[in-house]
Amino acid sequence: MTQTQLFVSTDINEIQTSPTLHPNPVPAEPNREPVLILVIGSHKGIDKIVSALYLRRFAAVQEWSQILPAPTISKLMRSLIRYVSLD
């Protein structure tokens, strides 16, 4: 039986997003912080949520990471980093 080992980063800056697109550069303003958004579920469920958020102009589909294994067994995930003002 093959074992799968998951590696989940606890550092938001280590989360990999699409290598061809860097939509969330490090903010120039020091009063902003990165917030990690995760969508966890089945491949089809994740695609529906990402598409729905795109239709609401929250984030382009390409801004999300590729599908990754989630820490929960038999689940997948995609991540997105957004920067928010601390003011």
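# Strand pairing, loops and side-chain contacts

User: Which residue of β3 stands opposite Leu-36?

Analyst: The model is a predicted one, and in it β1 and β3 run antiparallel, joined by 10 bridges. Across this pairing, the residue of β3 that stands opposite Leu-36 is Ile-81.

User: What is the order of the strands in the open sheet?

Analyst: The open sheet has three strands with antiparallel pairing. β1 and β2 are its edge strands, as each of them pairs on one side only. β1 is joined to β3 by 10 bridges, while β2 pairs with β3 over two bridges. The order is therefore β1-β3-β2.

User: How many of the 10 residues of β3 are buried?

Analyst: A residue counts as buried when its relative accessible area is under 20%. By that cut-off β3 is mostly covered, and the number of its 10 residues that are buried is seven.

User: Which residue in the turn of the hairpin formed by β2 and β3 has a positive phi?

Analyst: Within this hairpin, Leu-68 stands opposite Met-77 in β3, and six residues lie between the two strands. The residue in question is found in the loop between β2 and β3 (76-85), and its phi is near 65°, a positive value in a residue other than glycine. That residue is Ser-74.

User: Why does Ser-74 count as exposed?

Analyst: Ser-74 belongs to the loop between β2 and β3. The cut-off for an exposed residue is a relative accessible area over 50%. Ser-74 counts as exposed because its relative accessibility is 73%.

User: How far apart are the end C-alpha atoms of α1?

Analyst: The helix α1 has 13 residues, and at 1.5 Å a residue it should span 18 Å. The expected span is taken as 1.5 Å times one less than the number of residues. The distance between the end C-alpha atoms agrees with this expectation, and it is 18 Å.

User: Which residue with a positive phi follows α1, and what is its relative accessible area?

Analyst: The residue is Arg-57, whose phi is near 60° although it is not a glycine. Arg-57 lies in the loop between α1 (43-55) and β2 (68-69). With the cut-off for exposed set at over 50%, Arg-57 is exposed, and its relative accessible area is 78%.

User: At what distance does the side chain of Arg-32 reach the backbone oxygen of Tyr-83?

Analyst: Arg-32 lies in strand β1 (residues 32-41) and is partly exposed, with a relative accessible area of 31%. Arg-32 and Tyr-83 are 51 residues apart in sequence, yet their C-alpha atoms are 6.0 Å apart in space. The side chain of Arg-32 reaches the backbone oxygen of Tyr-83 at 3.3 Å.

User: Over the face of which residue does Arg-82 lie?

Analyst: For a charge to sit over a ring, CZ of Arg must be within 6 Å of the ring centre, and also within 35 degrees of the ring normal. Arg-82 is placed at 5.4 Å from the ring centre, and the residue over whose face it lies is Phe-58.

User: How many aromatic pairs does the count come to?

Analyst: Rings of Phe, Tyr and Trp pair if their centres lie within 6.5 Å. By this rule the number of aromatic pairs is zero.

Methods:
Residues numbered from 1 in each chain as written. Predicted model: local features only at pLDDT ≥ 70, side-chain atom pairs only at ≥ 80, totals over all residues. Heavy atoms only, no water. Helix = DSSP H or I, 4+ residues; strand = E, 2+ residues; numbered from the N terminus. Buried < 20%, exposed > 50% of the residue type's maximum accessible area, 1.4 Å probe, protein only. Polar contact = N/O pair within 3.5 Å; in protein donor to acceptor, adjacent residues only side chain to side chain. Phe/Tyr/Trp six-rings, centres within 6.5 Å; stacked < 30°, edge-to-face > 60°.
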